[in-house]
Amino acid sequence: MDSRRLTGCTRELFVYPDAFERSNPHPPDRVPPHRSWDKDSADVAAPLCGGTDNREMKNLRPQTMGILERIEALTGRPVQFKPDSGMTLRATLQVARNGAPTHVLRYRPSNEPIDYWVAYQAGYVLRLFALPPQERLDFAVTGQGAEQVGSLASTGQPLTAADKAALPEFAGMTLHWALLNLRSYATGMRVDQWIADELPELADLQAAGIDAMQQENLQLLSRRVGSLSIPVPLLAPVAAYALFADRLMGKSLYAIPYRAAGVLESGTELLRISDAIASAPSHDRALIDAWASCMGMTNWYAWIPYKP
């Protein structure tokens, strides 16, 4: 979680970072701290155009480079690249703030093309900056929700002394994970649809990327910390994305495991809500709020003015 704090609110709020995540990369048993880019750090990112020895960046397809150039044109700041072998995510894009001269795209070095992951991250930034400045908002944690998550995680099963001792930390990490999913998955469907509609040249990489993510997400259904597991209601965004992925890819396989887990109906309802709300960036906040209302998460976060 980002350590930036905002004052002037009725309670202290923690602002989530701009690097968007999707589900399993940080499941509740291993949520690492988020890292913010420090412009004074000696770990210097490679430039967007020229002078880079990063093979993955040199090999980006023209369409992907075009997206990054759109970000520069829209925001007035270029995107810099930074390999990070310690990442669990494929790529993250940190928006320039506090006078930073560039946005920073971190990526996990790989032998596989990363165009899809770059395009996916870039899609969020394009949606944010498509809004007029007064409509750009930050997603902030209110400090509520951990007790509710703990209750969901402990209901209906006997807990050992070790489980009870682990419950507060597990609930906190699960809360963090659930909020990231709420923020990322609702809008992420729209980003993936945009990639499919406007970047057909990336169709093969998108199909491979979605398949990889869906396979990884299946691990969430069996993940345990002692007897504690992710509460079924909080898996609804993951199930919704599986349903969406099936529809987008013309399959009928990704959602099957979530039926057995008892969460497919909730996922279906979230997808229905997504389909019912206009897909323009100006409706992203309404979509997230509607998902939160459906899942009982409304008071777990707040929208506050975006700080560039």
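Predicted model: local features only at pLDDT ≥ 70, side-chain atom pairs only at ≥ 80, totals over all residues.
In strand 5, R106 is the bridge partner of K82. Strand 3 and strand 5 (residues 103-107) run parallel and are joined by five bridges. Another residue opposite strand 5 is Q80, which faces V104. On strand 4, the pairing with strand 5 is antiparallel and spans four bridges, and A91 stands opposite Y107 of strand 5.

Taken together, three strands make up an open sheet with mixed pairing, in the order 3-5-4. The edges are held by strand 3 (79-83) and strand 4 (91-94); each has a single partner strand, so one side of each lacks a neighbour in the sheet. On average, and with direction ignored, neighbouring strands of this sheet are turned by 20 degrees against each other. Helix 3 packs on the sheet, where it touches strand 4 and strand 5, and its direction makes about 30 degrees with that of strand 4.

Strand 5 itself is mostly covered, with five of its five residues buried. In a regular strand, side chains alternate between the two faces of the sheet. Both faces of strand 5 are covered: H103, L105 and Y107 are buried on one side, and V104 and R106 are buried on the other.

Helix 2 passes helix 3 in a left-handed crossing. Helix 2 contributes T64, I67, L68, R70, I71, L74 and T75 to the contact, while helix 3 contributes D115, V118, A119, A122, V125, L126 and F129. By type, the residues of this contact divide into ten nonpolar, two polar and two charged.

A further helix pair is formed by helix 5 (residues 161-198) and helix 7 (residues 236-249), whose axes come within 10 Å and cross at roughly 10 degrees. Helix 5 and helix 7 are therefore roughly parallel to each other. On the helix 5 side, the contact is made by W177, N181, Y185, G188, M189, D192, Q193 and A196, and on the helix 7 side by P237, V238, A240, Y241, F244 and L248. The residues of the contact between helix 5 and helix 7 divide into ten nonpolar, three polar and one charged.

How values were computed. Residues numbered from 1 in each chain as written. Heavy atoms only, no water. Left-handed = near helix turned anticlockwise from the far one by under 90°. Helix = DSSP H or I, 4+ residues; strand = E, 2+ residues; numbered from the N terminus. Contact = heavy atoms within 4.5 Å. Nonpolar A, V, L, I, M, F, W, Y, C, P; charged D, E, K, R; others polar. Axes fitted to C-alpha atoms, helices over the stretch in contact; angles between N-to-C directions. Parallel < 35°, antiparallel > 145°, perpendicular 65-115°, else oblique. Pairing = 2+ DSSP bridges. Buried < 20%, exposed > 50% of the residue type's maximum accessible area, 1.4 Å probe, protein only.
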